[in-house]
Amino acid sequence: MYDDDAEHWVGKTFAGTWWIERVLGTGGMGSVLLGRAADGSQVALKVLHPELNAITEVRKRFLREGFIGNTLGGADAVPGVVRVLGSGETQEGLAYLTMEVLQGETLFDRMARTGTMPAGEVLALADQVLETLAIAHARGVVHRDLKPENIHLGNDGRVRMLDFGIARVVDGLTGLPEKTATKTGMIMGTATYMAPEQATGLIHDIDGRTDLFGLGATMFRLLSGRQVHGEVTEAMEVIAAATEAAPPLASVAPGISPAVAAVVDRSLAFIKFHRYPNAETMRADVRAVRAGALPPYAQAVIEGRIRAGQPISQPAPPLHAGGSPSARPQPTVVEPAAAPRHSHSMSRPERTLDDNPSAPSRSGASLSQLSTGKLLLLVGGASLVTGVIVAVIVVLLVMR
Ligand SMILES: Nc1ncnc2c1ncn2[C@@H]1O[C@H](COP(=O)(O)OP(=O)(O)OP(=O)(O)O)[C@@H](O)[C@H]1O
């Protein structure tokens, strides 16, 4: 985390326009200040950290990417995204974005107060997040850094995502300050909620399913009180995120409903091709569980009626939690699974990695499961940086 003193702006005029009342928070990219204009209106000013601001490409991308959330429709079309109002540079060349001021708290702050959250609230939150993600993904916009710090719970009851697409600002850049990013393009300190394809630096593999993992990891933490990979050091967190499958939620939260666990587990599949195929499908499952039914997609995978990750052409009919599997109507399946290999019980959500062949990534890397149960990333034609990461991972796996 940066130690540049954002507090020094308090009580001063910023960019000749806003009187800074206080610091709202500090993140990996910048500090957020509360400013008041001469007409009394307030804005939240996200000011790029000076070390990052000194890098021309970062400054340019920050000013460009900051608006990405606004591309998700007209003024009110996407309620789940904080609105960026403008951008600029101070006389000294410091880049900033102006945003609407949100009233409420981040999910991170809420979690710090309450520890965990009841399943009903977690599902309601996920429902809102997925509604926004579905729109964003359909327009080719991926959040890329979904975590409790970037989810805001408004006093108006709305859930909004902060920093949409902002993680792209440092993607693939080298020569960044050490504290900011690794050379694989990921911001340090956020691996807790990071999908494997992102932790391994395979930035071209990032897509909507990366966000579904981030949301699933957030739900996992809220429901169990435990992070997906447990309490590990920051360095180990990246390695765990890159090499270890998430444990089934029920194994760390025994009281959890099997239907809820099935949704979270499906979103956390190690290989992205085995997660929900898209946000709409995950949302349909979340909504079914909220209505007291079984999640149709996750359940169909568990029962072997559909391959993990396979899209369905239309939403499966809801299955009632109390009904017997044989009596339930079958969902519409595009292509039947060759042979069911999963448990037929909702109480044992599957976590296997071999129900699809390892799908090669665009960078030539693929993930395989070793007989030891560990995962191995195979790289062909990927970057030197990825190769070094892989070598470290392999050495660590051998040593364990
Ligand atoms: N528009 C806003 N209105 C009110 N408070 C805000 C707003 N944007 C951010 N904040 C506050 O400022 C804090 C820091 O925001 P920022 O987005 O920089 O943090 P972060 O998500 O932790 O950082 P990063 O994702 O860049 O590592 C947030 O946690 C939130 O409390």
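Me: Are helix 4 and helix 10 roughly parallel or roughly antiparallel to each other?
Reply: This is a predicted model, where local features need pLDDT of at least 70, side-chain atom pairs count only at pLDDT 80 or more, and totals for chains, interfaces and linings use all residues. The two helices (DSSP runs of H or I with at least four residues, numbered from the N terminus, as are strands, which are E runs of at least two) pack at an angle of about 160 degrees with axes 9 Å apart. Axes are lines fitted to C-alpha atoms, for helices over the stretch in contact, and angles run from 0 to 180 degrees between N-to-C directions. Angles under 35 degrees count as roughly parallel, over 145 as roughly antiparallel, 65 to 115 as roughly perpendicular and the rest as oblique, so helix 4 and helix 10 are roughly antiparallel.

Me: How many charged residues are there in the contact of helix 4 with helix 10?
Reply: Contact means heavy atoms within 4.5 Å, and here residues including Asp127 and Glu131 in helix 4 meet residues including Arg283 and Arg287 in helix 10. Ala, Val, Leu, Ile, Met, Phe, Trp, Tyr, Cys and Pro count as nonpolar, Asp, Glu, Lys and Arg as charged, and the others, Gly among them, as polar. Besides 10 nonpolar residues and one polar, the charged ones number six.

Me: How many nonpolar residues are in the contact of helix 4 with helix 6?
Reply: The axes of helix 4 and helix 6 (residues 208-224) come within 11 Å and cross at roughly 170 degrees. Among the residues that meet are Leu123 and Leu130 in helix 4, with Leu212 and Leu215 in helix 6. Next to two polar residues and one charged, the nonpolar count is 12.

Me: In which sense does helix 9 pass helix 10, left-handed or right-handed?
Reply: Helix 9 (residues 258-267) and helix 10 (residues 279-290) pack at about 165 degrees, with axes 10 Å apart. Val260 and Val263 of helix 9 are among the residues in contact, as are Met282 and Val286 of helix 10. A crossing is left-handed if the near helix is turned anticlockwise from the far one by less than a right angle, and right-handed if clockwise. By that rule, the crossing of helix 9 and helix 10 is left-handed.

Me: Which strands stand at the edges of the sheet, each with a single partner strand?
Reply: Three strands form an open antiparallel sheet in the order 7-8-9; two strands pair if DSSP finds at least two bridges between them. One side of each edge strand is left without a neighbour, and these are strand 7 (104-106) and strand 9 (159-161).

Me: Which residue in strand 9 stands opposite Leu153?
Reply: Residues are numbered from 1 along each chain as its sequence is written, and side-chain values use heavy atoms, with hydrogens and water left out. Strand 8 (residues 151-154) pairs with strand 9 over three bridges, in the antiparallel sense. Opposite Leu153 stands Val159.

Me: Why is the pair of Phe14 and Tyr96 given its class, and what is that class?
Reply: Rings of Phe, Tyr and Trp (its six-membered ring) pair if their centres lie within 6.5 Å; planes under 30 degrees apart count as stacked, over 60 as edge-to-face and the rest as tilted. The structure holds four such aromatic pairs. Because the ring centres of Phe14 and Tyr96 are 5.1 Å apart and their planes stand at 80 degrees, this pair is edge-to-face.
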